[in-house]
Amino acid sequence: MKKPKQTQLNPNWLQLQQKLNDSKASRTFKNSDKVTPESILGKRKERPDEESNDSQINPLTPVNDDSSLTDAVAMDCEMVGVGQGNKSALGRVTLVNKWGNVIYDEFVRPMERVVDFRTKISGIRPRDLRKAKDFWTAQKKVSELINGRILVGHALSNDFKALLLSHPKKDIRDTSEYQPFLRSSSRRALRHLADEHLGVQIQTGEHCPIEDARAAMLLYQRHKKEWEKSIKDQFRLKQKQRKSKQKKKHKIEEASNANHVEIES
């Protein structure tokens, strides 16, 4: 019996078949390298966390570059040691507006010889005071800038003492004295208030007066509504007490005059 004659395939058809087989093999190889759906989802979960960490904005960073003088300003001063070293003198003064932008920041040359630059805290070095503003120039400028404005700061009495200045009590917003910030009637450090209420760490090394002034201003801005209400309530209460005292004084005077008339008659 004769073997059936094998049909010879067209060479072009053989080439096409070979290409198709190679293409299938290539796809199979690539698919084997694919990551499982679970691992892909895992990567997608990680990305937002990474992005959020990188994009976290420091709340003390100003939201604009407007350095105009606003109705409220914050001040912070850094001191150096004079005399025997235990007496404080102004070494740097900084003012920021309500957005945290710097409106004044100058090193100040004290009237007495500096014996302790207190660099670990103040951040001030001898070179900083070589071309610093003289005390009276800085004092005059600060006085002009804060005049008629709400002044925000922390333990401002120390700054006033160093500047030889005062400010109307009704216009002072001191974060060291604001009742809701106190703990058991005790004052708290600015760095603790910033950490608790703003979620930022400051004063971890040398103090930065710009950063400190911004922290005080932000604390005030975030509690402004309640703070201003408490100021108004205190003012009304004092007015009421003053009127009450005046009425009592008037009644006492009237009673005294009536008794005097009776005695004379």
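I take buried to mean under 20% relative accessible area, exposed over 50%, and partly exposed in between, with a 1.4 Å probe and protein chains only. By that cut-off Cys77 is buried, because its relative accessibility is 7%.

**Ground rules**

I am working from a predicted model, so local features need pLDDT of at least 70 and side-chain atom pairs count only at pLDDT 80 or more, while totals for chains, interfaces and linings use all residues. Numbering starts from 1 along each chain as its sequence is written, and side-chain values use heavy atoms, with hydrogens and water left out.

**Whole chain**

I counted secondary structure and got 8 helices and 7 strands. These are DSSP runs numbered from the N terminus: helices are H or I with at least four residues, strands are E with at least two. Of the chain's 265 residues, 32% count as buried. For contacts I use heavy atoms within 4.5 Å. Among contacts with a separation of 6 or more, 62% are between residues 24 or more positions apart.

**Cysteines**

I searched the whole structure for disulfides, meaning pairs of cysteine sulfur atoms within 2.5 Å, and found 0. While there I looked up Cys208 as well: it is partly exposed, because its relative accessible area is 30%.

**Asn97**

I went to the loop between β2 (87-96) and β3 (102-109), where Asn97 sits. Asn97 counts as buried because its relative accessibility is 0%. What does Asn97 touch, leaving aside its neighbours within four places in sequence? I get Asp66, Ser67, Ser68, Thr70, Ala72, Val73, Ile103 and Met217. A polar atom of the Asn97 side chain lies 2.8 Å from the backbone oxygen of Asp66. I also checked Met75, 22 residues away along the chain from Asn97: the C-alpha atoms are 9.1 Å apart.

**Helix α7**

How many of the 14 residues of α7 are buried? I count 10, so α7 is mostly covered.

**Gln203**

I followed Asp212 back to Gln203, as a polar contact of 3.0 Å joins their side chains. By polar contact I mean a pair of N or O atoms within 3.5 Å; within protein, one must be able to donate a hydrogen and the other to accept it, and residues adjacent in sequence count only if both atoms are side-chain atoms. Gln203 lies in the loop between α6 (190-198) and α7, and it is buried because its relative accessibility is 16%. Beyond four places in sequence, Gln203 is in contact with Leu190, Arg191, Glu211 and Asp212.

**Glu112**

I found Glu112 in the loop between β3 and β4 (114-116). Is Glu112 buried or partly exposed? Glu112 is partly exposed, because its relative accessible area is 37%. Its side chain makes a polar contact of 2.6 Å with the side chain of Lys87. Not counting residues up to four places away, Glu112 touches Val82, Gly83 and Lys87.

**Positive phi**

I checked backbone angles, since most residues other than glycine have a negative phi. Arg118 has phi near 50 degrees, a positive value. Arg118 is in the loop between β4 and α3 (119-122), and it is partly exposed because its relative accessible area is 24%. Ala155 has a positive phi of about 55 degrees. Ala155 lies in the loop between β6 (150-153) and α5, and is buried because its relative accessibility is 15%.

**Largest pocket**

I ran the pocket search on a 1 Å grid over the protein atoms alone: a pocket is an open set of points where a 1.4 Å probe fits, with protein on both sides within 12 Å along at least five of seven lines, and lining residues have an atom within 4 Å of a point. The largest pocket has a volume of about 550 Å³, taken as the space filled by probe spheres set on the points, with grid points joined across faces, edges and corners. It is lined by 18 residues, and Lys169, Ile172, Glu177, Ile231 and Gln234 lie nearest its centre. The elements giving two or more residues to that lining are α5 (156-163), β7 (172-174) and α8 (224-264). Of these, α8 gives the most, with 7 residues.
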